[in-house]
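Here is a briefing on one structure.

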Amino acid sequence: MARARAERLSYAYRVDRLWPTRVLRLSLYVAIRLGARLPVWANMAAWNAHRLPMLHRPLSVAYRRSLRPYPAQPPQGVDHAGPAQRRIQRRLERLRLTAGLG
Amino acid sequence: MHVVLDLQVVQDEAVSLDVALRALDLALVLAEAPCGHRVTALLNGTRPAGLHALQQKLRRVLPPHAIVLWHAPATPAPGPGTLAAAALVRAAAVVALAPDLLLLGSADSGITAWPTAWPSPVTLAMADLFEPPEASGKAPWEVLVGRIAGAPARRAAPARRLRLAHLGPLPPQPTGVADATASVLPALCRYYDITLFVPEPDQVAAPLRAAFPVRPTTAFARLASGFDRILYQLGNSPFHHDPAMLLVDHPGVVLLHDTMLGDLTAHLAGAELGAALFAAEGWPAYLCLAEHGLQAAIRAHGCLAPLLREQMGAIVHSTFGVAQVHAAGDVPVWQAPLPLLYGAPGQPALLPRRAARTALGIAADEMLVVCFGAVTPAKCPGLLVEGFERAFAATGRARLVFVGALLDGSAPDSTRARVGVTGRVTPEAWRHWLAAADIAVQLRRNSRGETSGAVMDAMAAGLPTIANAHGAMAELPPDAVLLLADIPTPDELAQALRVLAEDAGLRHRLGEAGRRHVTTAHASEAAAAGYAAAIEAAYALPSGRVAADMLLKALAPSRLPADLLAQAVAATMPMHGIRRLLIDVSIVARQDIGTGIQRVTREIARRLLSGRVPGWRVEALRGDRRALLLAREWVAGLLRVPCPAPDDLAEAGAGDRILLLDFPGMIEGDDMLALRQAQARGAELVLVLYDLLPILHPEWFPPLSATVTAAYQRALLGCVDQVICISRSVALELHAALASGEVQRARALEIGWFHLGSDFRSDVAGAAPAEAVRVALAAMARMPSLLMVGTVEPRKGHAQALAACERLWAAGLDAALVVAGNQGWMTEAVCDHLASHPEAGRRLHWLRHPSDSDLAALYQASTGLLAASLGEGFGLPLVEAARIGKPILARDIPVFREVTAGQACWFAGEDAASLAAAIGDFFLAGRAGTLPGSQARRILNWDESAAQLFDQVMVAPWPLRWAPAAASGPPG
């Protein structure tokens with residue numbers, strides 16, 4: 001269990017270093033050096049690949065899953081809404097009540 | 001110019017790659033070289049794909065606070081209602097940033113629902129700027145500035161008069177706040193259409209009822225949304241009960257007459273005082289309540305935070321008050337003059353002095369010294385009587401009168417014939433005393449941030465006034481009052497009284513100067529102008545407070561559940577009202593097994609949690625099932641008090657600083673993700689780094705443990721914002737590891753260090769030592785001995801030490817080696833050797849579980865400490881030995897040099913011969929009395945250690961900074 005978790009995280013961090021984009025960038029760079037006539041966007045992409053979160057999207061499913069937003073799941077006995085959220089919810093409910101929307 | 005880059009287009013999977021790529025590229029170019037402009041990036045926090053990577057990119061060119069996330073309501077099935085609500089949240093996030101220019105990724109990624117009443121910035125699409133620079137010949141910023149010049153101007157404010165709701169006590173309620181309000185309301189009418197809300201409208205003074213609409217406070221909640229502005233008046237008394245209850249749900253601007261609202265908080269809380277005090281002021285106030293009682297707790301703590309948390313702003317009457325409010329939280333605060341009460345135009349004129357004296361039955365030639373206002377211990381009545389008696393001991397024609405109600409059993413000595421107290425007087429009698437007096441003395445102590453109306457009255461009446469430089473009174477102009485020290489002596493007061501009594505000319509000049517000051521600076525018009533300016537500034541300020549208020553009103557009609565909307569708003573605009581230092585105690589709170597790091601965590605956390613930090617709230621944090629919780633129960637156990645509130649979600653985000661003090665290597669993956677999410681929302685992560693050994697020397701640890709720990713350390717070091725190490729040596733090691741690429745990181749890192757404390761007491765009294773310890777102590781008494789303290793691990797050098805001692809024993813040296821520490825990992829051979837050694841129990845002693853008192857005795861009995869470890873983060877045993885002046889034989893590694901300040905004997909090699917030679921020399925030098933470090937040295941205690949850590953994390957500049965090498969240029 002612990003090993004699986006460690007491996008999953010390790011994979012996440014490896015992807016975090018964006019190795020797929022480096023591979024892509026390197027291949028485009030080599031292609032340009034070898035005289036390939038690429039469209040402007042590809043030339044830019046070759047340089048900017050490391051800046052672009054989308055290019056490695058198909059390759060980082062596990063990473064994206066690991067970052068999927070999730071509601072916090074506090075343990076039993078702890079309110080699922082934090083104090084700030086509770087205060088805002090209370091204000092909203094009061095507003096709805098006074099506006100006849102409650 | 002403040003430019004907000006809305007980068008939703010980069011996160012949108014439906015947008016073409018080309019557009020997204022160009023938008024991101026332009027954003028990075030603009031942010032990298034802002035040309036004097038301010039750039040903020042706005043991202044959608046609910047779009048997970050690549051969010052983290054995108055943030056990392058932006059963090060290379062923007063500070064963390066300039067990357068802002070907004071969050072859409074997380075409905076299971078998004079529909080039109082969700083989209084509309086999400087657009088409102090996004091628009092409010094922009095409003096909160098108050099940009100001069102909103103730069104959208106593309107023209108069709110605009111915010112669809114922008115309420116007409118909201119201020120809207122100039123908006124441009126990045127796509128419009130996509131012309132290649134060489135085509136236009138201009139840099140992006142030049143193009144932007146050019147476009148903005150031709151863009152439509154911001155919408156003007158509505159021309160109609162603004163409606164203001166006023167909540168606070170009014171005459172005839174017996175409080176100075178009511179009188180001050182009555183005097184300023186006519187002038188405030190110039191700026192607003194005012195409606196007054198009071199508990200009983202029928203009881204309000206007739207002139208006010210004639211001039212203003214007066215409504216019951218019970219109707220306020222229903223009518224509140226119809227007002228443009230809300231003004232609450234708050235003071236530290238039960239008269240302010242209604243405003244204090246209503247302001248939580250209907251934020252506005254709070255006019256503070258006191259900045260210490262402990263009594264009001266106690267009044268509101270009733271039986272729940274402990275919880276209320278904890279909610280208001282956190283652990284220090286709660287501890288104060290538990291240890292010193294209610295009065296001490298509410299005297300020392302202002303309890304402002306919960307009342308001001310969501311308000312648009314606060315108004316106070318003094319610089320002293322501004323500082324008090326700043327210390328209580330991050331609410332914007334303005335200063336305005338306190339309006340005059342009785343000296344204001346339109347008020348009845350004072351009687352001539354002679355007529356007033358006749359009315360009061362006071363002789364014309366008597367020197368009348370008066371103290372105005374309710375008589376409480378805070379007015380120093382005892383000091384005043386003493387000073388008065390000393391000043392006028394030689395003359396019988398003097399009288400001291402306290403004009404005001406007698407409160408709190410603070411009666412001045414009534415046996416003195418020349419001292420009197422009038423009790424509460426009518427306004428007319430008050431004016432008579434103002435007219436009749438020769439000198440006013442207004443002293444204060446234990447200020448609650450109030451500005452004295454009585455001083456204003458005395459000065460307005462032209463009375464020469466003596467005051468002490470305490471609280472707001474210290475800000476009175478020195479030529480308008482006779483200002484004594486903060487805590488004057490009776491002699492100083494007597495001297496001041498004598499000077500004034502003997503010099504009528506001085507009395508007149510001082511009185512006139514005081515009158516000039518208050519009638520100009522504190523005129524009702526000046527006060528009203530100050531109030532109006534502050535109210536407008538508060539509502540115009542770019543802040544989440546105003547935007548949240550607008551957003552909630554706009555979201556109210558939505559059909560989405562309130563909890564989903566509240567979750568989105570709370571995540572987008574977290575309003576804790578105060579910056580928080582959150583100390584991670586995840587592991588020690590889960591299972592305290594007494595490791596060294598857990599001991600450090602407990603000691604540092606205890607001190608940081610129980611000390612007051614102006615402008616900050618310190619709480620403990622623990623990760624549990626993907627949630628970051630405020631660990632109240634654990635802290636209550638640590639501080640040995642009943643738990644004031646259950647553990648609650650921390651909602652960590654912007655304005656919070658998370659101190660990763662506990663051993664992070666065991667943090668579960670989910671907690672790690674929760675930490676990253678907090679960081680994505682703007683929280684800063686500060687890692688306390690104990691050592692880098694799992695990364696630099698994995699061979700010293702079990703393989704799986706080393707791999708996992710090193711992976712977590714690398715992960716944390718890659719994402720935290722600052723690192724504070726437990727020694728300078730570890731900080732330098734980290735810097736070197738970053739420089740060599742051993743630890744990978746994409747953006748700059750600030751590094752600092754502090755030293756651990758040690759409260760190891762050599763005189764600690766404990767239970768009688770165990771048999772093994774007694775045997776060891778007996779051996780140590782007979783022969784020279786070396787003590788090794790620490791778990792038996794591969795890096796600690798036990799094998800080398802044992803081999804060296806074997807050589808020495810074989811050579812005939814009669815010396816003992818005492819090993820104090822349990823068996824660790826990967827040391828089975830060494831431990832077997834230690835346990836079954838022929839010298840065991842004679843010249844070799846292995847004590848697996850020595851208690852603190854055993855350790856103290858062993859330190860005392862030893863000739864010196866042997867520190868043979870190959871690598872350490874700090875080296876606590878060296879510090880403990882140095883504390884009691886025991887000489888140290890240590891391996892020559894930087895961290896040992898650092899913690900002993902060079903005061904030790906050193907050895908280098910890793911073979912038995914070199915250490916045996918060093919031990920021989922050590923004993924010889926000991927016999928000759930030439931060992932360095934034989935004097936007890938002063939060592940940091942935990943208080944000082946916690947203070948060092950706190951200074952480094954919160955105040956001091958970071959001494960080391962690592963930055964990644966500059967990127968190389970583009971290919972071709």
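**Helix packing in chain B**

In this predicted model, α4(B) and α25(B) run roughly parallel to each other, because their crossing angle falls under the 35 degrees that counts as roughly parallel. The axes of helix α4 (residues 80–97) of chain B and helix α25 (residues 562–572) of chain B cross at roughly 20 degrees and come within 11 Å.

- The crossing of α4(B) and α25(B) is right-handed.
- On the α4(B) side, A85(B), V89(B) and A93(B) make the contact.
- On the α25(B) side, the contact residues are L565(B), A568(B), V569(B) and T572(B).
- Six residues of this contact are nonpolar, one is polar and none is charged.

**Domains of chain B**

- Chain B is divided into domain 1 (2–149), domain 2 (162–335), domain 3 (353–522), domain 4 (578–753) and domain 5 (771–939).
- The centres of domain 3 of chain B and domain 4 of chain B, taken over C-alpha atoms, are 57 Å apart.

**Confidence in chain A**

- The average pLDDT of chain A is 61, and 27% of its residues score at least 70.
- Among the elements of chain A, helix α5 (residues 83–98) of chain A has the highest mean pLDDT, 91.
- The lowest mean in that chain, 43, belongs to helix α4 (residues 61–66) of chain A.
- Residues 11–16 of chain A have pLDDT below 50, and this stretch has nine contacts in the model beyond near neighbours in sequence.
- Residues 46–71 of chain A also stay under 50. For this stretch the model has 55 contacts beyond four places in sequence.
- Where pLDDT is low, the predicted coordinates should not be read in detail.

Technical notes:
Residues are numbered from 1 along each chain as its sequence is written. Chains are lettered from A and ligands numbered from 1 in the order in which they are written. This is a predicted model: local features need pLDDT of at least 70, side-chain atom pairs count only at pLDDT 80 or more; totals for chains, interfaces and linings use all residues. Axes are lines fitted to C-alpha atoms, for helices over the stretch in contact, and angles run from 0 to 180 degrees between N-to-C directions. Helices (H or I, at least four residues) and strands (E, at least two) are DSSP runs, numbered from the N terminus. Angles under 35 degrees count as roughly parallel, over 145 as roughly antiparallel, 65 to 115 as roughly perpendicular and the rest as oblique. A crossing is left-handed if the near helix is turned anticlockwise from the far one by less than a right angle, and right-handed if clockwise. Two residues are in contact if their C-beta atoms, placed from the backbone, lie within 7 Å. Ala, Val, Leu, Ile, Met, Phe, Trp, Tyr, Cys and Pro count as nonpolar, Asp, Glu, Lys and Arg as charged, and the others, Gly among them, as polar. Domain bounds come from an automatic or database domain assignment. pLDDT is the predictor's confidence in each residue, from 0 to 100.
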